[in-house]
Amino acid sequence: LANPTIITTGLNELLAPISNFIYPNPAAEKFTLSITINEKTKLSIYNSQGVLIKQEIINNGTEEIDISKLSSGYYIANIIGCENNNPIRRQAFQKIK
């Protein structure tokens, strides 16, 4: 192509200010979710089969999430922005007894 088109997605800008957000991992009763972004977000937790198990709105950067009712196993925590549904972060975690 003589004149290629460059499309900027802003993905690096979106992901840059965010650090690891689930600890401890693995966890038994609860984990702390901590993100460094100033936006209301939605946490979705999926089991290993991809079934949505739990959803919560996160109003500030750090919040404790109760996972005591989940079965032991591996899960995916997915965070999206509430205003624009942009993906922010995804991380696997393990629920232990």
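Which residue in β7 is the bridge partner of I80?

Modeller: Happy to. The bridge partner of I80 in β7 is P87. Before we go further, a word on how to read this: the model is predicted, so local features need pLDDT of at least 70, side-chain atom pairs count only at pLDDT 80 or more, and totals for chains, interfaces and linings use all residues. Residues are numbered from 1 along each chain as its sequence is written, and side-chain values use heavy atoms, with hydrogens and water left out.

Back to your pair. Strands β6 (residues 73-81) and β7 (residues 87-95) run antiparallel and are joined by eight bridges. Strands here are DSSP runs of E with at least two residues, helices are runs of H or I with at least four, and both are numbered from the N terminus; two strands pair if DSSP finds at least two bridges between them. In general, strands of a sheet pair through backbone hydrogen bonds, either parallel or antiparallel. β6 and β7 make a hairpin with five residues between them, and in that turn N85 has a positive phi of about 60°.

Average pLDDT (the predictor's confidence in each residue, from 0 to 100) is 83 over the chain, and 79% of the residues score at least 70. Confidence is highest in strand β3 (residues 41-47), with a mean of 96, and lowest in helix α1 (residues 11-15), with a mean of 44. Across residues 5-18 the pLDDT is below 50, and this stretch has nine contacts in the model beyond near neighbours in sequence; a contact means heavy atoms within 4.5 Å.

Of the 97 residues in the chain, 30% are buried, where buried means under 20% relative accessible area, exposed over 50% and partly exposed in between (1.4 Å probe, protein chains only). A nonpolar core is a set of buried Ala, Val, Leu, Ile, Met, Phe, Trp, Tyr and Cys residues joined through side-chain atoms within 4.5 Å. The largest one has 18 residues, and F31, L33, L43, I45, I65 and F93 touch the most other members. At least two residues of this core come from each of β2, β3, β6 and β7, with β6 giving the most, three. L43 reaches across several elements: leaving out residues up to four places away in sequence, L43 touches L33, K54, Q55, E56, I58, I65, A77, N78 and I79.

N47 sits in strand β3 and counts as buried because its relative accessible area is 16%. Beyond four places in sequence, N47 touches I53, Y74 and Y75, while its side chain reaches the backbone nitrogen of V51 at 2.9 Å. Q49 lies in the loop between β3 and β4 (52-58) and is exposed, at 61% relative accessible area. Its C-alpha is 9.0 Å from that of Y75, although the two are 26 residues apart in sequence.

β2 and β5 belong to an open sheet of three strands, ordered β1-β2-β5 with antiparallel pairing. Because β1 (22-23) and β5 stand at the edges with a single partner strand each, one side of each is left without a neighbour in the sheet. Five bridges pair β2 with β5, and L33 has E63 as its bridge partner in β5.

Finally, the charges. A salt bridge here is a side-chain nitrogen of Lys or Arg within 4 Å of a carboxyl oxygen of Asp or Glu, and the count comes to two. In one, the closest N and O atoms of K30 and E64 are 3.2 Å apart. K30 lies in strand β2 (residues 30-34) and E64 in strand β5 (residues 62-66), so the pair ties together parts 34 residues apart in sequence. The other joins K54 and E56, with closest N and O atoms at 3.4 Å; K54 is partly exposed, at 22% relative accessible area, and E56 is also partly exposed, at 22%.

Conventions. A polar contact is a pair of N or O atoms within 3.5 Å; within protein, one must be able to donate a hydrogen and the other to accept it, and residues adjacent in sequence count only if both atoms are side-chain atoms.
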